[in-house]
Protein chains: 2
Amino acid sequence: MKLTRTWLDLNEIALRETLFHVANGYLGVRACPEEGAPEGVHSIRGAYLNAFYDTYPIQYAEKLHGFPMESETIVNVADVQGVKLFLGGEWFDPCAGTLNSFEQTLDMAAGQYIRHIVWRSPKGRETEITFRRMASFVTKELFTVHVTILPKNWSGDIRIVSGQNGDIRNDGDPNDPRKASEAKHVLRTVESGNNEQHMYMQSETISSGHTVACAVTHTSGDAFSLEFHSNPIENTATLSGRAKKGIESSFVKWCVYTDSRRHPSTLSTAVQLVKSCAETPIETWYDKQRAFLNEFWGASRVILRGQPSLQAGVDYAAYTLLQSAGQDGISSIAAKGLSGEGYEGHYFWDTEIYMLPFFLLTHPQTARKLLEYRYATLEAAKRHARTLGHPTGALYPWRTITGNECSSYFPSGSAQYHINSDIAHAVCTYYFVTGDLEFIRDKGADILVETARLWLDVGHWLDGQYRIDGVTGPDEYTCLVNNNYYTNLSVKYHLQYTLYLCGLLQQVYPELSLEKRYGLSDKEFKEFENISRNVYLPYDETLGIYAQDDSFLSKQKMDLPSMSRECFPLLLHYHPLVFYRQQVCKQADAVLAHFLYEDGIDDAVIRRTYDYYEAITTHDSSLSPCVFSMMAARIGEPEKALSYYMHSIHLDLEDKQGNTEDGIHAANMGGSYMGIVFGFAGLRIRPDGLSLRPCIPHSIDSYAFPLRYRGRRIHLEVTQKTVTLQADGPEPVNMTLYGMVYPVTDQAVSIPLDNHPSV
Amino acid sequence: MKLTRTWLDLNEIALRETLFHVANGYLGVRACPEEGAPEGVHSIRGAYLNAFYDTYPIQYAEKLHGFPMESETIVNVADVQGVKLFLGGEWFDPCAGTLNSFEQTLDMAAGQYIRHIVWRSPKGRETEITFRRMASFVTKELFTVHVTILPKNWSGDIRIVSGQNGDIRNDGDPNDPRKASEAKHVLRTVESGNNEQHMYMQSETISSGHTVACAVTHTSGDAFSLEFHSNPIENTATLSGRAKKGIESSFVKWCVYTDSRRHPSTLSTAVQLVKSCAETPIETWYDKQRAFLNEFWGASRVILRGQPSLQAGVDYAAYTLLQSAGQDGISSIAAKGLSGEGYEGHYFWDTEIYMLPFFLLTHPQTARKLLEYRYATLEAAKRHARTLGHPTGALYPWRTITGNECSSYFPSGSAQYHINSDIAHAVCTYYFVTGDLEFIRDKGADILVETARLWLDVGHWLDGQYRIDGVTGPDEYTCLVNNNYYTNLSVKYHLQYTLYLCGLLQQVYPELSLEKRYGLSDKEFKEFENISRNVYLPYDETLGIYAQDDSFLSKQKMDLPSMSRECFPLLLHYHPLVFYRQQVCKQADAVLAHFLYEDGIDDAVIRRTYDYYEAITTHDSSLSPCVFSMMAARIGEPEKALSYYMHSIHLDLEDKQGNTEDGIHAANMGGSYMGIVFGFAGLRIRPDGLSLRPCIPHSIDSYAFPLRYRGRRIHLEVTQKTVTLQADGPEPVNMTLYGMVYPVTDQAVSIPLDNHPSV
């Protein structure tokens, strides 16, 4: 369960900083070289705390009413990665001398990133050096760097300069809409010093006034003597000792971050915490980390046999999701997790649609935390709805940290009203899987009702159909349309499930008044019902497919096959008007709709819709291949599904989008999990339980994974011949397999595989 | 022919600075008080040179491909308005002491703005003071301030401090999309001084590197002694003299501006020119000004009898158009003329559609200059087309000074492709009115072919119809639509007229090869023909009207009657998504289409279309009322036409949009002229001549105006009973009147009025 690179590639420094980052949902540190990147080599040095942000004004040359005035950005916090080694007087620089051995490893069972180097210095000193990093899953404020040094052929002085640097900027690029538009100074160090044991630093965000503290201490047994230097923006500790040929010496750099959004007194907490952490031997921390991950993998690991690279990929996906997921109710999962600054640490709809399902089916308590984050920002969503002219209801922001809309380009930002139904979908499936009705009563129903209510104001009736104009669907290459199929179909289920869960609440809690608790009147209840039944779904009779929106199918088709690779992604090479006016998709839209909501839709329509949109989709969005993979499995084409799945699995590991250096594509990580569970295994979550329609490509021997459902643990295994289901106890759990209901118990049920279950 | 205000209103200082500005198409000076605006009173001190601009970077938080990186702004140049009077030791301040008389007058026959004040100082000195300003139409670099001082009841010292200030900023407001987003420093003074006769100043724009010079001198006979003070950003001349009770003294401040876009050596030219100007007595200049205007009014004045306020309004409209129109081929008419900084001095489509017709019918040489400006920017329009993804053709920018696109919000900016056909319309009607085929051959056809060619790449064929998707029509409350009726209908005529004129060129100049000269192949020629015949025009059978676009009529209607006045203009009170998704119009769109292109459209359809859109139009754009006025006349409702016309006439004079302080609405000035000529008189310009369908509201006794047509002068008079046409010579000119062709000669033709000509 390791990601490994065994060569140094200066062109991949920034990419690997992302791939090998360590994070725990609270803090994330990019895998920047401790000694610093070589001069002229692209590196994005960064460490981040989830949801720790600064604000900055958004500049518009032409500002229209209701445009957000302020954006939020995750903050690159004090840099503690610096550890410079002077070995027998020679500075350790991998670019000087000779690398006899070089290996970067992300050990996902141990929860460590390890860089192991055998370096021969220009003067011939050979030294084995290991850097071992951990972002603790147990104490989330803790990040450690553990360095061991083994002189192979020399003895002499060792000097180590370990830094804490507060002079930090955020990254930016004015020409890439996926990054911040400029490199910003958003943090100011207000206190910095040392007490001869700890280095500490307190910084303040320039605008939002939040504080972050960082305390650092070192342990090394008696191997090294320590000396500190401090100035207002930087602290260094110099460790001096004597190396003996063949004898390993080591030290641990303990770093604790605290922030004012989560810690009442940041600096004193950080100092106390780093002190107490360092009192426990690092090996004990490693044991705790491993124990935590042992539980994690036990509850979630997908086992794929016959394709080792897929196993590595799906492990990496699950692990980075874990690394990314905020679990404190004020943070969530950013588009890049905690691995980089792409999309400025913002949360989007893909948290709910692409990432939450992994947690829902393996660690439902984390899924709940993610939904609690949305509940915590419901008031902001109400305000956002007012800003967009809606007198009632809530509209979740397209991109945000605190709940305020941070999208400055509304045609593919705030206009994506579907986010409301996406969040509602997550709330509902959370209940369907967990049965946690208390959450629905206390928080979920508030989200459901307020987001559902918005649709009453957005749409309108025409000829007995409910129509929703002037919104943008998931496909951002087509903006501001009428009756986006995905949106309208989502609304249908959003309202239907809201009514269903409200009905259930009334049944289970008869004393609960929907009107008093959620302001849900009978009239509104009936309107929800009426709209849910009669929302307009654009269908093209000639083609026999659903239309992405009212006008999509009458546009000119973009001639994708004739275009060279350099034209993609279109958004970086064409003015938006070019793709807005043509039939071309950045990502799945109608196809995604059929993944989420397939009830009552004919298989032939699903297939034709898939075929039609597949031909005009560029997959310029990382959210696309995994959906096409899952839906290829759905229409009975497991080999095609595998081909898309390979793309998804390798998207970051092989940098297929070309921008992994700015961070992992976290939604695609969710998609890599879903590609097995919802794709090949055909899982669907329904109000009445889970259903499965497994298939398997020829080149995979078998796959298997655990699921949590209503407190039970279920295990599925699919081979080329059979599908086996087993629960964790004798009480039966009903599961639907190929349309038949099976009571699953601890006695495994095996039935023959049907590799084209829907054809 | 005067605009007069006879009271001082501190709340109207900025408004009147606009209304009483003096300009000559090259330079414009707002009517700011010479003594400075009182402390705390809103004033926008400004002077501008047409097309003299600076560039600045456009900031985007999310920049997409092809968005313009740089905008242009007109530059507020050195301020020469300052003239402070110290009368017997008391500073002249209208807010101190008593105003026994106060009058501001724009004398449109004399070409002067006069402020006449009888002021009693706090200490009881009564003085009659006259400030007389002129922007010379004869020597366009020249601006004069002529001050006369008559002590009524005192004798004593007079001291006058006359300034030239180079420390200037442009105006701005981050919350109003109609203004620059911030107050910018775009000019830096590089040289400043005096030679004991002249004060001079040379300044440089910060980014574009253009220079502007300003030279000032004073003449006063022997009445005053002169003293100069100079510093790097300011010069002052102090005039000292002795006043005698009952004896008038006066001086003239002569100011000349030159700029590097038009003058090879700015500073020396300015100094020489101001010297030579001042050698001619000011009265002679006034005579020249009057003679110029005498010719102007003779060729253009509309005479309205029975409604003095309308006469004043239509005079003001014609005069401000004259003041605004650049005539040097590198400038045009900005949205605010030279009266203010609204829309940053940019040129839009409304120059061609709303303003050029006035010049075309009265001073065709100016119309030609305006078209030459477009010809001069054709290469930039080709580059702009490439930026928007079109391999061939030209796309004129939505807003510009030099020809580069300056619109940072493309949904109601660059997406308004109709500007191509609007400019083509002006080129064609220029030929239809003047018969100047040489212009078409040398410049016009290049514009026509390059702009027409673009449509081949924008649209596409579907079911035998040519469709144009993903553009925005004139109505900016509905953006990014398919098959905007106005656009498609414009394209039809754009292509048809292009073919017509190309055919004519071949006939008249048989040696001219369309292919060699304009790259127009037979294939392209046929494609133009085919598209022109088969462009899709969305028509709603049920309503019997043309649809603004494919989806417009299926949207919800905005409930305008129930909304309070504070909700308007919608663009300042609602997020654009609110109006984008509803049936509501900022301005005429389909209705404007029927004004420009009515051939073959049934009168009943024109009427129904008018009625339908009238009910959902807010007229939040100043371009709207005049079109509804003209089309009300067209559908036989002269009284309704008058009501809209009154709105148009008073739009700036009564500050109906609330932002006249930022400059006049120049397009509406054109509309005020067109309201008579195209509205009540029903003029239409066709390839085969002019046609008229006059009507008249009851409350107007008569109206009359001159027209130029193919070198001839024609005079039309319409009374409550008759329509009279007369030409300037015995050779007949064919004119169509109520559908009948009359040969008009110097013998007046009179026929009875038909007040509902189209019903």
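Tutor: The bend at a residue is the angle between two fitted axes, one through the seven residues ending there and one through the seven starting there. Keep that in mind for this predicted model.

Student: Where is the kink in H9(A) centred?

Tutor: On A:Gly444, where H9(A) bends by about 55°. Helix H9 of chain A runs over residues 437–458, which makes 22 residues. From its first C-alpha to its last, H9(A) reaches 29 Å. At 1.5 Å a residue, 32 Å would be expected, and the span is close to that.

Student: How do I read a pair of packed helices?

Tutor: Two numbers describe the packing: the angle between the axes and the distance between them. Take helix H16 (residues 624–634) and helix H18 (residues 666–680) of chain A. Their axes come within 9 Å and cross at roughly 0°.

Student: Are H16(A) and H18(A) roughly parallel or roughly antiparallel to each other?

Tutor: Roughly parallel. Angles under 35 degrees count as such, so a crossing at roughly 0° qualifies.

Student: Which residues of H16(A) and H18(A) make the contact?

Tutor: H16(A) contributes A:Cys626, A:Ser629, A:Met630 and A:Ala633. From H18(A) come several, among them A:Gly671, A:Met674, A:Gly675 and A:Phe678.

Student: How many residues does the contact take from each chain?

Tutor: 45 from chain A and 45 from chain B. Strand E21 (460–462) and helix H13 (576–580) of chain A each supply at least two residues to the side touching chain B. H13(A) gives the largest share, 4 residues. That side of chain A divides into 21 nonpolar, 17 polar and 7 charged residues.

Student: Why do the copies meet through the same surface?

Tutor: Because 100% of the interface residues of chain A are also interface residues in chain B.

Student: Which residues does a cis peptide bond join in chain A?

Tutor: A:Phe568 and A:Pro569, with omega about -10°. A:Pro569 sits in the loop between strand E25 (556–557) and H13 of chain A. In chain B, a cis peptide bond joins B:Phe568 and B:Pro569, and omega there is about -5°. The place of B:Pro569 is the loop between E25 and H13 of chain B.

Student: What is the phi of A:Tyr343?

Tutor: Positive, about 55°, although A:Tyr343 is not a glycine. Look for A:Tyr343 in the loop between helix H4 (308–324) and helix H5 (350–362) of chain A.

How values were computed: Residues are numbered from 1 along each chain as its sequence is written. Chains are lettered from A and ligands numbered from 1 in the order in which they are written. This is a predicted model: local features need pLDDT of at least 70, side-chain atom pairs count only at pLDDT 80 or more; totals for chains, interfaces and linings use all residues. Two residues are in contact if their C-beta atoms, placed from the backbone, lie within 7 Å. Ala, Val, Leu, Ile, Met, Phe, Trp, Tyr, Cys and Pro count as nonpolar, Asp, Glu, Lys and Arg as charged, and the others, Gly among them, as polar. The expected span of a helix is 1.5 Å times one less than its number of residues. Axes are lines fitted to C-alpha atoms, for helices over the stretch in contact, and angles run from 0 to 180 degrees between N-to-C directions. Angles under 35 degrees count as roughly parallel, over 145 as roughly antiparallel, 65 to 115 as roughly perpendicular and the rest as oblique.
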